[in-house]
Each structure stands twice: as C-alpha cells, then as structure tokens.
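Please open the model in your viewer and keep the selection panel at hand. The tour below moves from whole chains to single residues, and each stop says what to select.

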Amino acid sequence: MFKIVRGRLNIWQVAGSILFMIVQVIASLYLPNITSDIVNNGIAKGETGYIINAGMKMIFVSVLTVLASVGNVFLASQASQGLGQRLRSDLFRKVLYFSHDEFDAFDTSSLTTRTTNDVMQIQNVIVMMLRMMIMAPIMLIGASFMAYQKNGPMTKIFLIVIPALIIVVGGVMYFAVPLFKAMQKKTDRLNLIFREGLTGVRVIRAFRQDTFEQNRFKDANDDYTNNAIKVYTIVAMMVPFVTLIMSGTNIGITWLGAHYIANQTMQVGNLIAFMTYAMQILMSFMILSLIFVLIPRASASAARIQEVFAKESQIDTVAKPAKIKQGEASLEFDDVNFRYLGAEKLALTNINFKMDKGQTLAIIGGTGSGKTTLINLIPRFYDSETGTVMINGTDVKALNTEDINRQVSMVPQKAVLFKGTIRSNMLYGKDDATDDEIWHALEIAQADGFVKDLEKQLDAPVEQGGDNFSGGQKQRLAIARALVKDASIYVFDDSFSALDFKTDLNLRTALKADEKIKDSVVVIVGQRISTVADADEILVIDDGNMVGLGTHDELKENNKTYQEIIESQIREGNDG
Amino acid sequence: MAKDKETVSSKPVGPKGPHGNAGPKPEKAKHFWKTVRRLASYMSAYIWGIIIVLILAILASIFQVMTPKVLGQATTEIYKGFMTGVAQQKAGIQVDQFPIDFEAIKRIIFVVFLMYMASALFSFIQQFVMTRVSQRTVYKLRRDLKSKMRRLPISYYDQHSNGDIMSRAINDMDNIAGTLQQSITQVVTSTVTFVGVLWMMFSISWKLTLIALATIPLSLIVVGLVAPSSQKFFARQQKSLGLLNNQVEENYAGHVVVKSFNHEKDAIAKFDAENEILYKASWKAQMISGIIMPLMTLINNLGYVLIAMFGGIQVANGGIALGNIQAFLQYMNQFSQPITQLANLANTIQATVASAERIFEVIDEPEMNDDPVDIPDIQTDDKVILDHMDFGYEGKPLLMQDYNLNVKPGEMIAIVGPTGAGKTTVINLLERFYEVKGGSIKLDGRDIRNMTRDDVRSHYAMVLQDTWLFTGTIYDNLKYSNQDASHEEIIAAAKAAHVDSFVRQLPDGYDTVLNEEASNISQGQRQLITIARAFVADPEILILDEATSSVDTRTEVHIQHAMQRLLKNRTSFVVAHRLSTIRDADKIIVMNEGSIVETGNHDELMAKDGFYADLYNSQFAGNVAM
C-alpha cells in the first residue's frame, strides 16, 4: 500500500490535515474539562459569573473545534482525491503504453476495475484515515490521559469494559465474516441463475425446462435467504451489546464515582467529565476495530494496482531508431520464429515470405493456428524470437513503434469504434483527412450507403464502443478508418468474416481498384476460401507452421491443408 | 455527553456517495402509496411479527429516553449528599464521608440497569424478527419475479436489455431488503425518541427546552444550504466518474487500435481533462458533505453551552436539580439525531418504493396468451404447414404476408439470406416464441395455438449459433433436453456428436462443471455439446443454425459430421450457410430485410434469376475455379 501511495500523496496536505486533526482532538478533549469546571466551581459554588465565563470559553473552544475540523476535511479531501487522480492518471498511462505481452497478462475488464474501482477504494480508505482512523489512537491516548487525571483509580473500570468490547466485536466478526464471504458466493449464484434464465430463454423454453429453472432458482434463493438470515441475526447482536456495555460503563462510573465523592477524593463535576472521556475512549476503540475491516480490503486493491505498475515493458525501446524508407512499400518475413512469453512451444515457426507494393497476401488457417499472431509481429506488438520482420526493407526491431505505426494501418479482428462522431473516428488515423477522402474510404468499405442514410451523415454520433451500429456496420467503419490513414501496409485481421459474401466481394473489388492501395502491401487474414482466393499469395498456416504459400490454383492442386479447408467449406454430396 | 459525534457519524463515502441528505437525490416513485400497499401485502403474513416489533421498538425507545433522567437522579443524590457534606464542613463539622444515600443510588442504578437490559433485549428481538420478515419478503418477491419470467412472452426479453432486468432483480431487491430490515423500525424509534425527548425536556424545564428548540432553525438552515450543494457536487462527481469509466473501458478495449494509430497521447490528454474535472468535483463533494457534521456539532454545542450556562445558574439558585441538567444535556444530543435520521429515512424510503415499483412493473407485464383459436384440425400427411400466414413484430409493419409452405415429413427446409435478413424469425414462429398475426401454423394438421406451448415444443429440438449451456456439469447439460433420458442414451448421443472423446480427456469427464464464461472448453466443443443435447431430445423436427463460428478445422469437420447425423431421417429447418446444405434442401426460404423474398428449391430459384441467384453467384464468384 505504501508503495503506490508514496510520491502520489501530497505530504503537505496530509501533514496539514493531521495537524488540524490534533487541534480538533485537543479541543474536544478540553470541552468536558470546562463542563466539569462549570459544575465544580460554578454550580457547586453558585457563582454565576464563573459559569458565564466558562460558557464563553466553551463556545470559543467549540468554534475552534469546528474550524479545525473544516480545515482537516478541506485538506483531507484534497489529499485523498488528489491521490486518486494521480493514481488513475499513472495507471492509465502505464496501461496505454503496455505492449501486447503485458496487456495479455490481464484482461480488459480487470484492468478497467483496477483503474477505477480499486483506486476508489484506496481513495476512500485514505480519506477515512485522515479524518477518523488516525484520530482514534490520538483520541484514545488523550482521553485516557484526561480520564486518568480526573480520577486515576476509576480508570480500572476500563480493564473490564475494554476487554468486554473486544470480545463482543471480535466475536461478532469471527462468526459473521465467514458467513459474509459465503453470502457473496450465494449472491453470485443467485444472480448467475437469474441471468442464465435471461440469456438462455429460448433454449430453456425450446426444451421445456422452465420448471427445472424455477427449481434451480428456488434452491439458490432458499440457500441465500437462510444464510442471510443467519448473518444478519449475528450482526443484530452487535449494536445492543455494544450499547449495553457503554451504558454499563456509565452505571459503573456513577456507582464508583458516588463512593469517591463520598470519600472526598473526587469532585462532582469530574464525574460528569469522566463519563464523557469514557465514551470517547470506547468510541475510539470501535473506530480502531474498523481498521481491521478496511485495511485488508484496501491492501487487496493496492496489491492489484501495484501489479500493474510492476509490469515491465517487453519491447525494447530503440536507442537510435532507424528511419523508415518511404515510397517503396514492402513486407518481408525472414525465417521468423516466435514464442509467447514463458511458453514452451513456438507459436510460429520458420515464416518466410516477401511481398512488394501492389501485392496482396492472404493468410488462412484454423482458429488458433497462428494467423493473428503472425500479423501482430508486423507492427511490433510482439518481437520475434529469431529471424527478422522487415517493413519497406528495414528491420522493425531497429524502428520505434511510433514510426512503424505510421506505416502500418490495421483493422483488428474485433471492430472497435470510439465515442464521438463518424468523422472523429475516421480522422483517427489522419487528422487532416478531407471529407472527400473519408467518403472515398467509406465507399471502398461499403459503408457509404448506411452512413448516407444517417441524418447527420459524417457527424452522426457514435456511442461508446460503437454500440449504435450493428456488428457488420462497425466492421465496415473500422475498415474505412484504416483506409483513411496513409500507410505502406494495410492489415485486415479477419475483418471480412462478419460481412456477407456479397459485401465481402464488393469490398475486395473496390480495394483492389484503389490508387493508394496499389502502392502498398495488403495483408488479409481470412477464414473463408472465397475471401482469400484472389490474393497474389496465400499463406496457409497450421499450428504455427507455414504449410503452404502460393496462389489459389497452386494450393488447390498440391496443398493438403488447403484442400481440407476447401473440403470443409464447400462439400458436394453428403457423407453423414 | 460527548458532543463530538463526528467521529461516529461520518460514514465512509463510497463511489456512490453517502445515503441520505448528502447523497444524490433518490428516484421518485410514480404511485407511492399504491406501491407501498402492495409491498405491505407481501409482508401481511408476518403482520403479528411486525406488530410485536413495533411495540418493542416503542418500548425500547421509551426506555432509552427515560434512562438519562433516571440516571440523572443518581447524580442528583450524589450532588445532594455532596452539598450537605460541604454545608456540614462549612458548619465546622468533621466529615469523613459525605452523607450520600447509597441505598437510593443502588435502587436507581438497579432500575436503570433493568431498563438498559430491556432496551438491549428489545432492540435485538426487533432486528431478529425484522431480518426474517425482510429476507422472507424479498424471497417471495424474488420467487414471484422469477416465476413471472417464465410467463412473459419472448418479445419481452427481446425488447428489454438483460442489464435492465438484472438491475431490477438484484439492485432493487437489495434496496428493499435493506430498507425493510432497518427503516421501518427506525421510523418508529426516531419518531418516538423525538417526541419522548421533547417530552422529557419539557418535564425538566420549559425554559431550557425553548432554548434547545431555538437551535432547530439553525440546523435547518445548515441542512437546507449545505445539503443541496453537496448533492450537486455528488451528482457532478457521479457523472464525471461515469464518463471517465467509459473512457477507460473504451481505450482499454480498443488498446490495439489506440496503439496502432499512435493515439496514446491523444487518449491521455482527453483522460487527463476528465480526470481533472472528476478531481475537482469529488474533493468538493467530499469536503461539503464532510462539513455538515462539524457544523451540526457546532450548533449542538452552542445549544449545549447555553443550557449549561442557564441551567448552571438555575442549579446554583436551587431552581433545578444537577442530575436534571446532566440529563437535559444528554437529551440535547439525542434530540437532533432523530431529526436528521428522519430526513435521511424519507429519502431512503422514496428510493425503496421506487425500487419496488420497478419490480412490480415487471410483475404486471402482460403474459403470454393461451386462448385457442377457432381453426379446425385437418387431415394431412404434411408435418408442418404455414397456411396464409401473416407476421410482423409488435408495432412494426408486417414482414410476411399470406405466406404458404407445406413441409412433408423428412424434408429439409433451408433458410438463407444475407446477415441481418431475419432468418431467426422463422424459428421464432415455429417454436411459438412469437404468434402469427394472421393465418395459421399447423403441426400434424393442428393449429399450434390449439396446443400447449410445451406440446408444440416437444416435437422440436434446436441447435443455435448461440451455444447456451447452463452452469452445471456436462452430463446435466446433455440431459437438459430430456430429463428422462437414460445414461446409455446420453452417452450414445455424446458419441454421435463427437463429444464423448474430448469429454473423456477432461480431468472430471462428464462431471466437469461448465462455467459461465466457458473458459474450460472451447467454443467449438460447446457447439458439439449443444448438438449432443439435441440428440438426447431425439426430436421429430430439428431446427439448426449451421453458421460457422470461429472454430478450428478439425472441430469444424466434427461439427459437420454431427449435424449430418442429427439431420438424418428428421424433418428439419436449417439456417444454412453451406453450399451442400442449400443444394440438398427440399425447399429454400430466401430472406432479405426481414421478409421472405423467394421460396423454392435450388434449381427453381436459379432459374428465376432473382435475389437467390444473385446471392448464390456472389458467394462463389471469387473462386469459380473450385
């Protein structure tokens, strides 16, 4: 926890807020003192003037307390929220600059949670600490000291009360915490079954399993409810018990106090003050016990955040990056081997090919055969283990990724759009693209039709993740976005499979005819024979091995894997 | 008597902000009292429990209110003895021990102790009972919601997002459980305490009470001024947090794109701007909600000091007993609590009733219609007949008009069309997920509306692209389509669908529990399980969606084999993607933009040279050479 807080928490604000808090504690410890003075010196002696004086002093101290606590809140909120801001910002930067290896180690939703919820947890704990938790021990010591000063012998009452409090609070936690954990699981199960009832409604009804589902839910509901009743019954004991202990303390103090007063070892006003201090002591204890609940939760969050910070980048930055050659587009893989971090097996073995400008390379193979892995080496998402990947004749390891990305335009498998407008998405790869350029790209991508149908056309809003467009539309917009960008190499990672055959064909035909594309290398990853058939070269990949490279006609003649793929997609007759 | 209650009362401020005054404004219910009555009817079974709880709550609060005054009597006794002692000392009498009436004190303490005990016991019993009432009530609500889900038409599911329904089933339920458990008793205790405290204060001294009451307007001003601005900042914080979350999600999900377009700096700049807004809103929200407590304490303290001063003077003049002042000061603290508590409760209860209303909204949705229609059975050899059928989705224009199709037993009907052409509509109608708008669908000559839905569906089995399996063992998932299937039948089905071989390689075999994300088996294997599941059902008619999802070549071959086997000797409707299936089909239903555009077999449709011919040619134009 300290690791992630260090350097991000404004020390001056923290120091200031603690200082204010100390003032606040001292002032509130002083108040009961005045009360007892009023009783001892004012009321008991019937001195009205003294009472008024002391009263003024009380008001002054009260105002001081409030000022101090406002100061404390002011600084504590800034310190804690500022910490959150810096943590979020650092996390976001760190994650954005992650290479694929690091990103793969987490998943998207986990990284999102770490950046948002986990930071929120830390922020909340810090605010609690600065406002209450640090106060508790100070208050505890201060109040004990004051109580002891008021009446030393009477403090022995705490020897009974505090252990009793610890037993009650500890006991409740001991029994309740495991039940709470179990409850989380049971809640998850309840939600899971309900959600499955929604996602699987067609299957459930088609197979007439409604009753089965109702029973499944009933069991989970029973289980949850019984557990919840148990947990809350245990928790219900806490408040009455704690109240009883505190009330008991008051009674004890009154009884003992009466004797001390009778023996003239204590003044009446001190009795009242003592009670106040006693309550402050017990309250501080209760707050301290909160630490045991909050700290583990926060440190879990802190650990998850630290995990992100601790990830080191696997892609070496190049000290003196080479300049990429312009104009002569080419892409070459020279005996490339690749292995995922920590993997035993090579993910790609001996990949060799060279494509020149104007040529199209298609890559085909089953799921998990290494198609996406292969193209991920082009923009240096990963680095090859041996062999070289060359863009326009330059080894990518000699280039920095920013320069590479300028030359490589990619359409990933999963279409991702960003909140904004169609235009803002299209400008993603080229800030100064004209409307004509955008429309041209949309035409090639077969997206001009539906964009024209939108009321605001290029200024039509795009929601987060492009959720207001269908899967096929998103894919076409992502393709258009990549085409707006000027690059030497255009990579389409399985981008055409979401399109129907006809759109797929039109798109590829338009792509071939485009001037810009004629000067660059196109890489198409596909699953359908029809998508890859007209490429200049088709690379057949199976289990990370390049098992064929050639044109459709060549491969159809002599490549076993390619034939299998054809066979699986277009089967004549039946063999059932 | 401690006045600094801030230490106890400031709750941790979660991302959603604290409840009550300082938090965002709760949603309002549309029909408040109607919903309350309805919610109450759910609790009517526990009416005696609730009555007991309310009585106990009243008693507990009364005891709670009385104790300071009774305990104050002890202080008065002590003070009396002390004053007498002092007087005696002044009179020159040697006093070792002040004449304090310990017997009286013992009596008082005993009474107070009993009251404390009773109060603690009562409040425990209240919680004990209310836990049961609230959990059982929500149990019933949850049960009713779930059983409602089975009676809702599929169109409801299609029109409402899962997220929306889930939030009602989870968040709204939780809200109700929490409120029932806490708030009902709190309303009673707060009210009783407020009235009781006021009563006790008046009984001690009306003058002091007026002084105490004078502080109320001050607290109202604080609450009235500070709370709205705190709400404003919390709302701003919430909004900004939401936007920031979206940014984070979007950029992480699109990490590949952000990187490959060199957009890191741009994304960071946008993030920093929003992050700064969030920081400003959240520290202010934190700060303003944080100062409410100290300000209230200050007002309370002012009252306290005034009471101490005036009361002190009166005690000194002998007008009032010291114990009473002590008690009065305690009442001062208890007095402001119920006011703030009631204000908070008003918000909580509003939000809860709104939650209940959202749940009742689902429970009141119109259910599926089971009325038979006046269409007589006919004698026919056809398995399925679509007879002058009209269909369109609710509130939308008709998609199909006067459509006719006769399906003989054993025939295969292929449904083809581009993505988004509405191929699932046919499945929806056959399985009676949706009802026809006109005409009739007949199964074995009988209109399906004259059969129960279960009866209709017992003739069918489905294999969809969406490979839904429930969280349970593979074996139970296979058995899902027919709970009466024997072990042998299930294993035979698994073998026929190429499931047996990979399942045996799993450490737990058929007992492997499939999890929700299905991370333990591949997508292709899930597809195979859904095929095996259809085998177990052994249906007369099969509905199949053969879309090739992303699976490896070998699994793909397995899936095809399994589907072929499953289709054999059955009437079938296949959402077709493969040439072979389409060519083999006895009839092809060609769909585009939701409507059926052509029907016929391959040769007929090719001869027609219409939409189908166009679709067919484009599919293979790239590689005619094959």
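**Before selecting anything**

This is a predicted model, in which local features need pLDDT of at least 70 and side-chain atom pairs count only at pLDDT 80 or more, while totals for chains, interfaces and linings use all residues. Residues are numbered from 1 along each chain as its sequence is written, and chains are lettered from A and ligands numbered from 1 in the order in which they are written.

**Stop 1: chain A**

Select chain A, which has 21 helices and 12 strands; helices (H or I, at least four residues) and strands (E, at least two) are DSSP runs, numbered from the N terminus. Its radius of gyration is 36 Å, well over the 25 Å that the globule rule gives for 576 residues, so chain A is more spread out than a compact globule. That radius is taken over C-alpha atoms, and the globule rule is 2.2 Å times the number of residues to the power 0.38. Turned along the principal axes, the C-alpha atoms of chain A fill a box of roughly 115 × 65 × 55 Å.

If you colour chain A by burial, 46% of its 576 residues are buried. A residue counts as buried if 20 or more other C-beta atoms lie within 10 Å of its own, as exposed if 12 or fewer do, and as partly exposed in between, with C-beta atoms placed from the backbone. Of the contacts in chain A with a separation of 6 or more, 79% are between residues 24 or more positions apart; two residues are in contact if their C-beta atoms, placed from the backbone, lie within 7 Å.

**Stop 2: chain B**

Now select chain B, where there are 20 helices and 10 strands. The radius of gyration of chain B is 37 Å, well over the 25 Å given by the globule rule for 626 residues, so this chain is more spread out than a compact globule. Its C-alpha atoms fill a box of roughly 130 × 60 × 50 Å along the principal axes, and buried residues make up 44% of its 626 residues.

**Stop 3: where the chains touch**

Show both chains together and look at their contact, which takes 138 residues from chain B and 137 residues from chain A. Which helix gives the most to the side of chain B that touches chain A? Select helix α9 (residues 264-316) of chain B, which gives 26 residues to that side, the most of any element. By class, the side of chain B that touches chain A has 71 nonpolar, 43 polar and 24 charged residues. Here Ala, Val, Leu, Ile, Met, Phe, Trp, Tyr, Cys and Pro count as nonpolar, Asp, Glu, Lys and Arg as charged, and the others, Gly among them, as polar.

**Stop 4: domains**

Colour chain A by its domain 1 (1-134 + 294-311), domain 2 (152-265) and domain 3 (330-569); the bounds come from an automatic or database domain assignment. The C-alpha centres of domain 1 and domain 2 of chain A are 27 Å apart.

In chain B, select domain 1 (25-204 + 338-368) and then domain 2 (206-319), whose C-alpha centres lie 26 Å apart. Between them, 5 residues of domain 1 of chain B are in contact with 6 residues of domain 2 of chain B.

**Stop 5: two helices of chain B**

Next select helix α2 (residues 32-43) of chain B together with α10(B), whose axes come within 9 Å and cross at roughly 75 degrees. The contact is made by B:F32, B:T35, B:V36, B:R38 and B:L39 of α2(B) and by B:V353, B:A356, B:E357 and B:F360 of α10(B).

Stay on helix α10 (residues 322-363) of chain B and pick B:T340, which lies in it. B:T340 is partly exposed, with 18 other C-beta atoms within 10 Å. Although B:T340 and B:S219 are 121 residues apart in sequence, they are 9.4 Å apart in space, C-alpha to C-alpha.

**Stop 6: two residues with positive phi**

Most residues other than glycine have a negative phi. Select A:D335, where phi is near 55 degrees, a positive value in a residue other than glycine. A:D335 lies in strand β1 (residues 330-338) of chain A and counts as exposed, with 12 C-beta neighbours inside 10 Å.

Finish at B:D444, which is not a glycine and has a positive phi of about 50 degrees. B:D444 is found in the loop between β4 (438-443) and β5 (446-447) of chain B.

Key: Axes are lines fitted to C-alpha atoms, for helices over the stretch in contact, and angles run from 0 to 180 degrees between N-to-C directions.
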